Structures are given as C-alpha cells and as structure tokens.
Amino acid sequence: MLLVLAWGMPSFAASGIPAAALDVPDELRPLLKEYFKIPKGLLESDAERGTFVRRAQLEIPELLATEGYFSAQVRLVSVSNAGVLNLQVLPGVRTTVTSLDIELRGDLPQTAAQRAQQIRNAWSLPVGRAFSSSAWERAKTALLDSVANEDYAAARMVSSAAEVDVEHASARLHVVIDSGPRYLFGKLEVRGLERYEPLLIERHATFSPGQPYRRSLLLEFQTRLQKLPQFSSIIVNLDTARSNRADGQAARTAPVQVQVVEAKSRKLSFGVGYSTNNGTRNEVNYQSYNFLNQAWTLNSAAVVEQNRQNLVLALDTPPNPLGYQLLWRASGERTDIQELVTRRDKFGVTRTRNLFGIETGVSLNWQQERRLPTGGIRETDQALVLDWHWYRRMVDDPLAPMDGNLTEVKIGGASKSFASDQDFVRSYARHQSWLALGKQDVLSLRAEAGYTASTSRLGIPQEYLFRVGGTQTVRGFAYQSIGFSEGGAVVGGRAMSTLSAEYTHWFGNWGAAMFVDAGAAADTAPTLQWYRGHGFGARWRSPVGPLALDAARGQGEPGTRIHFAIAVAF
C-alpha cells in the first residue's frame, strides 16, 4: 500500500489525504485519514519532515494494532523535489481468533447449565473472526452483562487475556466470569425522605419481594422515580452485601436500597418562547409538589401568545398501587386564529394508567365556548364529553428518535341528554414511524385521520372539530388555515386527514431534512380537498430535542412559509 502525503512548499493547502486514496480495508480508513490531517505550517523543512516520518513509523503500527494488524510497517519510499513524502504502509496479515476459552464459575454453571451454554454460544468474537481491540472489549462487556442482567447481580469478571502470536497472526482468548449466587429481590429500604411517606416510592415498584432479580426491572423502577417532580436525585441499587439465604433456599435475598434527595416543594418560573403557529410566548408558572402535604402536584400557569391566551389550574395525584392517576384541570382560554375568535371555559378530570409502555385514560370534561367568526354565525356552545384514549410510544430516543413508532387513538362523545347542545361522537387516530436508514439517516412517516359523527357541526365546540395547516400538520400553510369556510373565517369541520414523509440526514448534531406534507379538513368526508406542501429544513439536536427550522411552499400559496418547532416524539 502506497500513501502519498501531498505536502511540500509552504504555499500548499493542508487538506490531508482523501479516504478514496487509501487502498486499505474499510476499518482502517478513518484511522489513517485522521492521522494525516496535518495543521497548516508543518512539514516545511527537512527536519520537520524527518520528525513526521519517525513518528509515523512508531504511531501508525500502534494504530493498526488496535484493528488486529500487529506486524504493520511504515517505510519512507522517497521525497520529491517539492518536499512531498512518499510513505509505504504495509499492514501485514490481520490477526484472527484461533482459540476461545470461556470459563463460568459460581452458581450459574451448577444451577442453570442450559443458560450457561446459551451465554457461551452468544459470544460475539468466535474462532475464525478477525480480532480487534474494540471487538474484544465489546465481547467481554456483553458477556458480563448477559450473566449479570438476570439472577446474578454480583457477577464479576475474574480475569481476561488475549494472547497474540504475531508470527502466526493468531489470538487465543481466555475469559473467566464468576456469576456469584442467584439473587431475589428483597424489601424496599428508602432513605432521605423528609416531607413524604415511603408509600410515594413503594407504589412505583416494578417488582415484588421474592421475585428473581432482573436488572431491567431495577432500571425501570429508577426511571419511574426520576420522573417524579418531588425528587432531584434518585439512586437505586440491590444491596448484595446484606443479602441472606433462607433455609432450604438456593438463592439469596437482597434488599433494594433507594436513596433520594428531595427537591424544593415549590417553584416559580418564567418563560419566553416563539413558534410559527402561535407567535411569541410569555409564561408564568407556579408549581407545588406537596400540595396539602399529600404529595399532590399543583400547577398554575398564565400563558400569553400572539393568538392565544390561557389560564390553567391543574392538580395531579400520584398513582395508586394499581397505577391509576387522577388529573384535575380547570382553564380559561381565548384564541384568535384565521378570523375565528373563541373563548372557552373548561373543567375536567382524567384517570390515566401506564402499563407496559401503553398509556390509557378516561376523562370527563365540561366546557362552554363562545364562538365569534368574522362574518359568520356567532354562538355559545356547551358540551359534557366523555373521552377515552390509548397511546403507545416505542422509540429508541423520545428526544431524538431514529427508530420506532408512535400510535394514538381517541374516542369521545356527548349527548343532548347530558348538559350538551349537540349529539356527537368524535374519533381520532395517529400513527408515526421512524425508520433508520443507516447510522445518519432516518425516514419519518406520519398519518392521521379524524371524524366527528353528528347531524351538524353547529353546537359542537371547536376542540372536537378539525382544522389543519401549520408546523405539526401541513407545512407551507398558515396555522389551522385549512378547514370549513364560514363568512371570513376558517372554522372546524367534521372530517380531517393528513399524511407526511420526511427524510433527514445527520451531520453530527446538525441535520438537513426534505419533506412533503398533505392534508385536508372539511365539514363532510366527501368534500375533503387535499392540500400539499413541500420543502426543506435544518435540524439541531438540542438538550430538549431536535429544533426544526423549515422553509415550505404550500400548493396554491403565493410564497414560501417558515416553520419553527421542536421535533420530539410526542
């Protein structure tokens, strides 16, 4: 293999060697490419070039050794009149694994021989596979995890060795794992509580005393606790040092320790923001995490946006032992969107439960709405609505999804017989999928549809009708500008559907996206007229999720519209 380092006279630009010029295996290209990125101003003298050659002869073989090339050599072929170095890199034969010995000690091979064999069979660096330092470390980590994830919480690596025979390009691997004893979950021991009762922690437990140890259950328990606003720090661990073995019992029982640091029970916060849907945003929020000394969360907020003003008072109770949680809401809201002014007063209660990653809930909401469309029918509507929802989110990262899907279904309705001005049944469904296309590319597909069954849209609050357009539905159009035209206003219709496809390529924390959206909203399904928008945008992975800045052109629209949003999986 001959590498030419194109650096000689001071006027040359230091661009390094392009990856395409390296006639080496793919796994070596990044190593050598990064090595030859030489800062401008170096190698301008014979002394500097000589120093670089000596460094290359020492460091390049060390780099190649991490990929299993233990006999690599670097030779200086020639130096041109312009001072260009011609280096020859001979990687040699890559080392392969010729022998493997995995020794398991402790209770595992004695009490679970079949599982021990499965663990050995799952070893990711078998005989015949090319050896590399990274693959060796990954294989050892995966081996230890496969033992420690279930039953054997105190599993440890006793020793590991990779004996490399450079002359024969072979590696003999030897790993010793001591599983230790089997463990069962013991009782919960909570430390650090001052204002709250232990029940607040215990009701979130994902396991029962006497259940076999599973690391996934312990991590899920910790994740649940970390979401509680009452605590600023949560540490959960199985205390194997204080375990005991009951008479006639093969496994040891260990207590689960929970160390908490309580957060401040009250918080006052101020916020400002901007969205292309609602304009500038100013917010004042007061929260109490121990309302009436019951660990209830009281949340009150005043939000002022360009086309929306909102006052909210909310009270959330912790989940009961069965996982059910009550959420009480009272709000007053005014909106002015597409020449439709609405004033809404609302009160409701929702009971939710999250089980196996699926959230279900039933709510009862009463609201009174005053509707003032420009040039349209002014009316006051009220409705007592019973709603049911089903929500599942299975993504690799909620803040930056690359793979997974999200599904949401809602069904609700009201009757004139129960404090409502109109009979109706509203149904809504949404599904979104993220498909990873390699490590840096993702395709996002979204479809949603809704229909409100009723003899008339009159008498139904706008919340239970449909308008589309804007950042989250059809880009290229103003927010909620697609719907049913009444006078000079756009009001909600009884039917809606949208589709979206977006392709994003990531360059580290920055990304570029192309997308096409389509959607329709009307008073009846047969009159749905589809509108299409398309465009491109930039993405940035911020701590709160990817920020999206899009430029979109809507079908029939006079110009390009800018959209700004946080593209999280909600």
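The model is a predicted one.

Strand E20 covers residues 441–453, and strand E23 covers residues 495–507. The two pair in the antiparallel sense, over 11 bridges. Within this pairing, Glu-448 stands opposite Thr-498 of E23. E23 also joins strand E24, residues 510–522, through 13 bridges. That pairing is antiparallel too. Here Ser-500 has Asp-517 in E24 as its bridge partner. E23 and E24 form a hairpin with 2 residues between the strands. In this hairpin, Gly-508 takes a positive phi near 70°.

Arg-475 lies over the face of Phe-515, with 3.8 Å to the ring centre. Arg-351 lies over the face of Tyr-324, at 4.1 Å from the ring centre.

Now turn to helix H7, residues 215–226. Its 12 residues, at 1.5 Å each, should span 16 Å. Which residues of H7 are buried? They are Leu-217, Leu-218, Phe-221 and Leu-225. These residues cover an arc of only 100° around the axis, so they sit on the same side of H7. What covers them includes strand E7 (183–191), helix H6 (199–202), strand E8 (231–238) and strand E9 (252–262).

Next come the aromatic rings. A search of the whole structure finds 11 aromatic pairs. One of them is formed by Tyr-196 and Phe-231. This pair is edge-to-face, with 5.8 Å centre to centre and 65° between the planes. It links distant parts of the chain, 35 residues apart. Tyr-196 lies in the loop between E7 and H6, while Phe-231 belongs to strand E8. Are these two residues buried or exposed? Both Tyr-196 and Phe-231 are buried. Elsewhere, ring pairs link Phe-70, Trp-123, Phe-131 and Trp-136 into a cluster.

Some single residues deserve a look. Gly-348 is in strand E15, residues 340–355. Gly-348 counts as buried because its relative accessibility is 3%, and buried means under 20%. Leaving out residues up to four places away in sequence, Gly-348 touches Leu-327, Trp-328, Arg-329, Leu-364 and Asn-365. Leu-292 is 56 residues from Gly-348 along the chain, and their C-alpha atoms are separated by 21 Å.

Gln-462 sits in the loop between E20 and strand E21 (484–486). This residue is at 10% relative accessibility and therefore counts as buried. Beyond residues up to four places away in sequence, its contacts include Leu-340, Thr-342, Arg-344, Glu-369 and Arg-371. Gln-462 also touches Arg-467, Val-491 and Gly-492.

Two residues other than glycine have a positive phi. Asp-151 has a phi of about 75°. Asp-151 is placed in the loop between helix H5 (133–148) and strand E5 (156–165). At 11% relative accessibility, Asp-151 counts as buried. Glu-339 has a positive phi of about 65°. Glu-339 is in the loop between strand E14 (324–337) and E15.

How values were computed:
Residues are numbered from 1 along each chain as its sequence is written. This is a predicted model: local features need pLDDT of at least 70, side-chain atom pairs count only at pLDDT 80 or more; totals for chains, interfaces and linings use all residues. Side-chain values use heavy atoms; hydrogens and water are left out. Two strands pair if DSSP finds at least two bridges between them. Helices (H or I, at least four residues) and strands (E, at least two) are DSSP runs, numbered from the N terminus. The expected span of a helix is 1.5 Å times one less than its number of residues. Buried means under 20% relative accessible area, exposed over 50%, partly exposed in between (1.4 Å probe, protein chains only). The arc is that of the directions from the helix axis to the C-beta atoms. Contact means heavy atoms within 4.5 Å. Rings of Phe, Tyr and Trp (its six-membered ring) pair if their centres lie within 6.5 Å; planes under 30 degrees apart count as stacked, over 60 as edge-to-face and the rest as tilted. A charge sits over a ring if NZ of Lys or CZ of Arg is within 6 Å of the ring centre and within 35 degrees of the ring normal.
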